[in-house]
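Please go through the structure shown here with this report alongside. The headings mark the topics.

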Amino acid sequence: MAKMHKRHDKSDILIHWFNAVCWVLLLLTGVGLIQNPAIDPFGSGYPEAMRSLVGGGGNLLAIHEGIGLVWIAGFILYLIVNFRGARFFLAEVFSVSPARDMGWMLKKMVLMTLGPKPLKAMGMDPELPAQGFYNMGQKAFAQVSVAGGVVIAVTGVIMYLSDRTFGAEATGWVSWSIALHFIAVGLVFAGLLVHIYMAAISPEERPGFKSMFTGAVPDDYAKHHHRLWWEKAETEGEQPTE
Amino acid sequence: MAQQLAMVIDAAKCIDCKACVAACKVANDVPEDQFRNWIKPTQDVPAPGVLTARAKFQPGACMHCDNPTCVDACPTGATYKDPETGEVVIDDDLCIGCGNCIPACPYHARFRNAAKRKADKCNYCPERRAAGLPPACVDTCPTKARVFGDVNDPESEAGRLYRKNKGRLTRVAARTDTKPNMFYVGDPGDPTWGGEAVVPASMVAMKEAAPLVKGVVALSGLGVLAMLGRQFLAGNDSKEDRDG
């Protein structure tokens, strides 16, 4: 069997798929809660269908709130179980090396949509700058998800508490929470589309996709996609898993 | 024609006894210092011995408007205009009490119920109507100044009053024309006290941001389509994963 490099802990894999399932359910229920012609993302029909499916708007709200609280609890549990992993993740995704990473991002976008020819025509080397544990695309999406996730969770809790503990003087907070919750979800969702394509559909990231189940990637994948991480692992003598 | 439940009020009959206000609070368990309905004394308040002053009283409540600005301010449809009955309804299960609808009513008919922590206003007493009774304020009015019913039904008492007085009915005018369904027969005093429908800045921001958010999602979707297109056209040339 080829040499493998460990990439994700079991708890990392678990929180990833837990987050994915929660996101799908929260998106489906949450979009059904918006019913105002000026905002309604899919236009009329969807909120009504979702509401009748679960027996009314009140039930849909209760389901959305319930899943949302489970989602937050899941992340708190993850932080308790694997705080070191979370700290490593945050340190990696928020450390950007501007020249290297911006160059990677621009070239990658051209390569993925138009191919290497336009880069060559402009006299640029289509070879991508070497990347670390995460490439800049993964970092950008992770940054949006983390920042967006915090906004979504905090505004969600404010809305949840609105008719449970808040008085009339707090409605400004609640109303702004609704707006920010909507905007944050929209922006993370935009990134999510690219994330799903890159990770699950694009053939070249297939080993990365598999590692979100097995936790490890093959040596040649690590070498070509995450060169700086691979070099560090080689020089520091990290024990590769066989 | 669909129903339009409404009130036709003979202001000349109102004696400002406030029985409607008390009955509403009792029937709907409205918290202290909060009210679903009112009687506005307008202009000259009569004083003993002064013959020039003439009492004018204007009973009111949610006017279940044809152009309900409160509904436009609600992000979830927790408040909506019922197409069957013409009522403006609040779905208590869906409302989280964000307060958007409260300044959106130019008649100040809405408030945040201090006990339920949700939007509240006149709902024409659905529990009483289900039991075959008129709304509490209408039932209790000693002079029968308040008449409730479907103004689109010529057989109903409200419909008859509405038709008979069609040319001289008064509605409360506001700076935002919401087309209220509360009609006054007789002189209700100043009918121009209605204010402006104010949509909170947060709701305006959400409405303004919506097309931008959709635009970002659409752009991202286009990017994915472009990548998919290239994947199928150019094939999988991922030779880079192989060494040597």
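## Terms and model

Two strands pair if DSSP finds at least two bridges between them. Helices (H or I, at least four residues) and strands (E, at least two) are DSSP runs, numbered from the N terminus.

This is a predicted model: local features need pLDDT of at least 70, side-chain atom pairs count only at pLDDT 80 or more, and totals for chains, interfaces and linings use all residues. Residues are numbered from 1 along each chain as its sequence is written, chains are lettered from A and ligands numbered from 1 in the order in which they are written, and side-chain values use heavy atoms, with hydrogens and water left out.

## The sheet of chain B

Chain B holds an open sheet of 3 strands, in the order 8-1-9, with mixed pairing. Strand 8 (146-150) and strand 9 of chain B are the edge strands, and each pairs on one side only. Direction ignored, neighbouring strands of this sheet are turned by 25° against each other on average. Angles run from 0 to 180 degrees between N-to-C directions; axes are lines fitted to C-alpha atoms, for helices over the stretch in contact.

Strand 1 (residues 5-10) of chain B runs parallel to strand 9 of chain B, joined by 4 bridges. Here B:Ile9 stands opposite B:Tyr184. Strand 1 of chain B pairs with strand 8 of chain B in the antiparallel sense, over 5 bridges. B:Val8 faces B:Val147 of strand 8 of chain B as its opposite residue. Helix 5 (residues 157-164) of chain B packs on the sheet and touches strand 1, strand 8 and strand 9 of chain B. The direction of this helix makes about 100° with that of strand 8 of chain B. Contact means heavy atoms within 4.5 Å.

Strand 9 (residues 182-185) of chain B sends B:Met182 and B:Tyr184 one way. B:Phe183 and B:Val185 point the other way, and all are buried. Buried means under 20% relative accessible area, exposed over 50%, partly exposed in between (1.4 Å probe, protein chains only).

## Positive phi in chain B

Two residues in the loop between strand 1 and helix 1 (19-28) of chain B deserve a look: B:Asp16 and B:Lys18. B:Asp16 is not a glycine, yet has a positive phi of about 60°. B:Lys18, also a residue other than glycine, has a positive phi near 70°.

Relative accessibility is 22% for B:Asp16, so it counts as partly exposed. B:Lys18 counts as partly exposed because its value is 36%.

## Chain A overall

Chain A has 11 helices and 2 strands. From the N terminus on, its elements run β-α-α-α-α-α-α-α-α-α-β-α-α. Its C-alpha trace spans about 60 × 45 × 35 Å along the principal axes. Of its 242 residues, 43% count as buried.

## Helix packing in chain A

Helix 1 (residues 10-31) and helix 8 (residues 171-201) of chain A have axes that come within 13 Å and cross at roughly 125°. The two helices are therefore oblique to each other. Angles under 35 degrees count as roughly parallel, over 145 as roughly antiparallel, 65 to 115 as roughly perpendicular and the rest as oblique. A:His16, A:Trp23 and A:Leu27 of helix 1 meet A:Val185, A:Val188, A:Phe189, A:Leu192 and A:His195 of helix 8.

Helix 3 (residues 57-81) and helix 4 (residues 83-93) of chain A pack at about 100°, with axes 5 Å apart. They are therefore roughly perpendicular to each other. A:Tyr78, A:Leu79, A:Ile80 and A:Val81 of helix 3 make the contact with A:Phe83, A:Gly85 and A:Ala86 of helix 4.
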